[in-house]
Amino acid sequence: MPDATFVLTFISALGSGLAAGVFFAFSTFVMPALGRLPPSQGIAAMQHINVKAINPWFMTLLFGTAATSLAAIVAALVDLGESYAPYLVGGGALYLLGTIGVTMAFNVPRNNALAQLDPSDDGAAGHWARYLAEWTRWNHVRTVAPTVAAGLEIAALYVG
């Protein structure tokens with residue numbers, strides 16, 4: 001494996017694993033804990049979390065890993081006959097589609113709708129129940145995708 005491809009793969013694997021850990025935490029204890037709060041408190045807490053999530057650290061993790069994954073895919077396509085190439089293409093594609101794609105198509109629109117919600121409104125509890133179920137379901141996908149992507153990227157390092 002060329003040195004630049006090794007570095008891209010290593011960074012992508014670390015980023016994928018770290019992203020998986022963040023999403024795992026939300027799926028396994030953050031969202032269940034918020035769901036146990038009274039709806040107005042859960043809504044307000046999640047609104048604050050969504051605002052704080054847009055920060056340089058998390059955005060660099062999320063989109064920096066997307067950039068290194070994309071670059072690793074390109075490098076793998078150039079060396080498609082190499083043993084590591086299918087792992088890199090698979091891992092990178094899984095991260096891009098299962099993490100970035102799902103985030104933009106499913107989680108962000110729900111977050112934007114929640115941001116517009118007044119936690120004290122009469123219909124807020126119903127919206128919150130749907131949000132919890134739908135957002136968390138898609139977050140499970142965001143947990144599995146970068147976990148498997150990290151595994152494929154580690155495998156690429158091993159065989160490369």
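F10 is partly exposed, at 41% relative accessibility (buried is under 20% relative accessible area, exposed over 50%, partly exposed in between, with a 1.4 Å probe and protein chains only). F6 is also partly exposed, at 39%. This is a predicted model, in which local features need pLDDT of at least 70 and side-chain atom pairs count only at pLDDT 80 or more, while totals for chains, interfaces and linings use all residues. Residues are numbered from 1 along each chain as its sequence is written, and side-chain values use heavy atoms, without hydrogens and water.

**Aromatic pairs**

- The whole structure contains six aromatic pairs (rings of Phe, Tyr and Trp, the last by its six-membered ring, with centres within 6.5 Å; planes under 30 degrees apart are stacked, over 60 edge-to-face, the rest tilted).
- F6 and F10 are a stacked pair, 6.2 Å centre to centre with 10 degrees between the planes.
- Both F6 and F10 lie in helix α1, four residues apart, about one turn of the helix (helices are DSSP runs of H or I, at least four residues, numbered from the N terminus).
- Y131 and W135 are also four residues apart, in helix α5, and both are buried.
- Ring pairs join F26, W128, Y131 and W135 into a cluster.

**Nonpolar cores**

- The largest nonpolar core has 13 residues, of which M31, M46, L114, W128 and Y131 touch the most other members (a core is a set of buried Ala, Val, Leu, Ile, Met, Phe, Trp, Tyr and Cys residues joined through side-chain atoms within 4.5 Å).
- Two or more residues of this core come from each of α1 (3-36), α2 (39-53) and α5 (124-159), and α5 gives the most, with five.
- Another core, of nine residues, lies apart from it and includes A19, L61, L62 and A66.
- L61, in helix α3, is buried at 13% relative accessible area.
- Between L61 and A19 there are 7.0 Å in space, C-alpha to C-alpha, and 42 residues in sequence.
- Leaving aside neighbours within four places in sequence, L61 is in contact with G15, L18, A19, V22 and Y95 (contact means heavy atoms within 4.5 Å).

**Largest pocket**

- N50, A53, I54, F58 and N111 are the closest to the centre of the largest pocket, among its 25 lining residues.
- The lining has 16 nonpolar, seven polar and two charged residues (Ala, Val, Leu, Ile, Met, Phe, Trp, Tyr, Cys and Pro count as nonpolar, Asp, Glu, Lys and Arg as charged, and the others, Gly among them, as polar).

How values were computed:
On a 1 Å grid over the protein atoms alone, a cavity is a set of points where a 1.4 Å probe fits but cannot get out, and a pocket is an open set with protein on both sides within 12 Å along at least five of seven lines; lining residues have an atom within 4 Å of a point.
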